Amino acid sequence: MDEQVLQTVIIGLSNGLIYALVALGYTLVYGILQLINFAHGEVFMLGSMIALTLLMALGVTPGMDIVTTIVLIVVVLLITMTISAILNVSIERVAYRPLRNAPKLAPLISAIGMSFILQNVGLLWKGPTSLGFLDIIPNTNVLTTIFGLDTVVAVSYKQLFVAAVTIPLLIVLSWFVSKTRQGKAMRATAQDPDTAGLMGIDVNRTIAITFVIAGALAGAAGLVQILYNNTTVWSLGFRFGLNAFTSAVLGGIGNLQGAVLGGIVLGLINAFSDRYLAAQWTNAIVFGVLIAVLVFRPSGLLGQQAADRA
Amino acid sequence: MALLELEDVHTYYGAIHALRGVSLKVEEGEIVTLIGSNGAGKSTTLRTISGLLRPRQGEIRLRGKRIDGHKPHEIVEMGVSQSPEGRRVFARMNIQENLEMGAFARKDRGGLAAEYDRIYDLFPRLRERRLQNAGTLSGGEQQMLAIGRALMAAPRVLLLDEPSMGLAPILVEQIFDIIRTINERGTTVLLVEQNALMALGIARRGYILQTGEVVLSDSAAKLRTDPAVRKAYLGED
Ligand SMILES: Nc1ncnc2c1ncn2[C@@H]1O[C@H](COP(=O)(O)OP(=O)(O)OP(=O)(O)O)[C@@H](O)[C@H]1O
Ligand SMILES: [Mg+2]
């Protein structure tokens, strides 16, 4: 294969994994509430700002020794995930739970309102301009520095980092949902909340746990964003959220594997469009994909998993 | 003191007054049946007992303790479980997982292995298909799963909403036999049915519900021979 194509695939996969983390948040919440949580992109955006603030507060700089750097990044990751989880579950408590029995449109409007509020929080907190961050993780080729290979196609430490954070999280999530009691309760509640209640499952608590998980994943994605793309801004949640949401729809909203697949496909679409067309076209193409999916395959690549309720 | 008691229960769907002062009692160890035609309010009664609907007026008591106003999961913890109308099995979970969900409220995790065995002995077909998704089961198998799942909670009172619905006559016989067995093993049953003949055949007492009101209650034997009941619910002219 042409090296340039392969290189583009690697870039697409790395971005796609970040999309997947955020797309999972849309899909988890949709699965359980049939609600598109428009504020989810903003939780990711605030997560990136929290991560940035923590990295600076802990004095993380390029060239620190590797062990310290890794320890600090893990600390920042855990704190960011925790705060984002608390933020997301608070949003549920304040903006969605009171509307649980209201017509479907009400929580949707509430979600849009929440999204604007959080954008303004980001704007007030960090100002209107993009914030940059230094390359903590080197951009050099892992294949050369570790394996001594002189490759044309490069996998950077940064890309390795993206995989090292996202893939374990995806595995843990998949284990949690398929194997644990609470994960099964989540699936049961998503399939039929009334019947879940008849089983003795606390439906409100299960929904809250879903928001905790979605928020934590968005927080993790926020940190990865700062260390991989080195930038954040108050409007990041909208741009990035649109991609992640499209990923979720592409894979089949409500379907967890679908969100991961959709994220990766969208990452690849982005990378190839940036590379072979022009970056200005990329957003139009993403929108085009979203519309095409909605028109031709509304249940997504792997099919929807939430709408089989009586 | 009755095991389960409803006193003057009124339930609404918005402005629709679905239960208009329902009172009924289920004594420990009984099978009691609640009979009525479409839209009489049978499911509404069970959904109100289980806490999916809140009565606007009236009281529901379990062994004298009020349970109305509690959340569905709390009511299961107090000892009332339900197999809902239309089975409502979790279609994308396998049989084992469905049963596991039924036991969600149980504190004594140690007793679960024995409980699975009891359920699988009662419904051997479920054991064979343990790892099959519930959505792929036949109607009769789904009904067995729904009943088994409700039993996993080890309830004091089992609420069954139309377990015979849509099943072939031979399966209906089988399901009713199983309900009798469950009761003989010590579980009290409140059985909602449109199949009045079969229901009155295994119940000790019955209540006839009509547009949200109890219009008649008596021993099952008496109801079976009551001319008005025979005319309205047993298909005789
Ligand atoms: N979700 C709802 N919203 C509004 N009205 C409802 C709703 N569910 C039931 N009803 C009304 O409440 C009344 C009682 O309904 P319910 O389902 O309890 O009847 P049922 O006796 O169980 O009937 P069936 O034998 O058909 O199951 C009916 O008039 C019905 O139309
Ligand atoms: Mg009914």
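These legends walk through several close-up views of a predicted model.

**View 1. The open sheet of chain B has four strands.** Start with the strand order, which reads β2-β1-β4-β5 in chain B, with antiparallel pairing. β2 (16–26) and β5 (65–66) of chain B sit at the edges with a single partner strand each, so one side of each has no neighbour in the sheet. If you're new to sheets, strands pair through backbone hydrogen bonds, and they can do that either parallel or antiparallel.

**View 2. Here β1(B) meets β2(B) in a hairpin.** β1(B) and β2(B) are joined in the antiparallel sense by eight bridges. To find your place along the pair, look for Thr11(B), whose bridge partner in β2(B) is Leu19(B). The hairpin has two residues between its strands, and Gly14(B) takes a positive phi near 60° there.

**View 3. Now for the pairing of β1(B) with β4(B), and a helix lying across the strands.** Strand β1 (residues 4–13) and strand β4 (residues 57–62), both of chain B, pair in the antiparallel sense over five bridges. Helix α1 (residues 42–49) of chain B lies across β1, β2 and β4 of that chain. Relative to β2(B), helix α1 of chain B runs at about 70°.

View 4. Strand β8 covers residues 188–193 of chain B, and six of its six residues are buried, so the rest of the structure largely encloses it. Both faces are covered. On one side you'll find Thr188(B), Leu190(B) and Val192(B), and on the other Val189(B), Leu191(B) and Glu193(B), all of them buried.

**View 5. Which strands pair with β8(B) in the parallel sense?** One is strand β3 (residues 31–35) of chain B, which makes five bridges to β8(B). In that pairing, Thr33(B) stands opposite Leu191(B). Another is strand β7 (residues 157–161) of chain B, also paired with β8(B) in the parallel sense over five bridges.

**View 6. Is Arg87(B) buried or exposed?** Arg87(B) is buried, with 26 other C-beta atoms within 10 Å, and the cut-off for buried is 20 or more. You'll spot Arg87(B) in the loop between β6 (80–83) and α3 (95–102) of chain B. Leaving out residues up to four places away in sequence, Arg87(B) touches Gln142(B), Gln143(B) and Ala146(B). Its phi is positive, at about 75°, although Arg87(B) isn't a glycine. Most residues other than glycine have a negative phi. For a sense of scale, the C-alpha atoms of Arg87(B) and Asp8(B) are separated by 28 Å, with the two residues 79 residues apart along the chain.

**View 7. Thr211(B) is another non-glycine residue with a positive phi.** The phi of Thr211(B) is about 35°. Thr211(B) lies in the loop between β9 (205–210) and β10 (213–219) of chain B. With 14 other C-beta atoms within 10 Å, Thr211(B) counts as partly exposed.

**View 8. Thr225(B) is out in the open.** This residue belongs to helix α9 (residues 220–225) of chain B. Thr225(B) has 10 other C-beta atoms within 10 Å, so it counts as exposed. Its C-alpha atom is separated by 35 Å from that of Asp68(B), which is 157 residues apart from Thr225(B) along the chain.

**View 9. Next comes the contact between chains A and B.** Chain A puts in 16 residues and chain B puts in 22 residues. On chain A, α7 (181–191) and α8 (193–198) each supply at least two residues of the side that touches chain B. The largest share of that side, five residues, comes from α7(A). Sorted by class, the side of chain A that touches chain B has six nonpolar, four polar and six charged residues.

**View 10. Last up is the largest nonpolar core.** Of its 154 residues, Ala20(A), Leu21(A), Val22(A), Leu217(A) and Ala220(A) touch the most other members. Helix α9 (residues 203–228) of chain A gives this core its largest share, 16 residues. Zoom in on Leu217(A): not counting residues up to four places away in sequence, Leu217(A) touches Leu21(A), Leu24(A), Gly25(A) and Leu169(A).

Note on methods:
Residues numbered from 1 in each chain as written. Chains lettered and ligands numbered in written order. Predicted model: local features only at pLDDT ≥ 70, side-chain atom pairs only at ≥ 80, totals over all residues. Pairing = 2+ DSSP bridges. Contact = placed C-beta atoms within 7 Å. Axes fitted to C-alpha atoms, helices over the stretch in contact; angles between N-to-C directions. Nonpolar A, V, L, I, M, F, W, Y, C, P; charged D, E, K, R; others polar. Core = buried A, V, L, I, M, F, W, Y, C linked by C-beta atoms within 7 Å. Buried ≥ 20, exposed ≤ 12 C-beta atoms within 10 Å, placed from the backbone.
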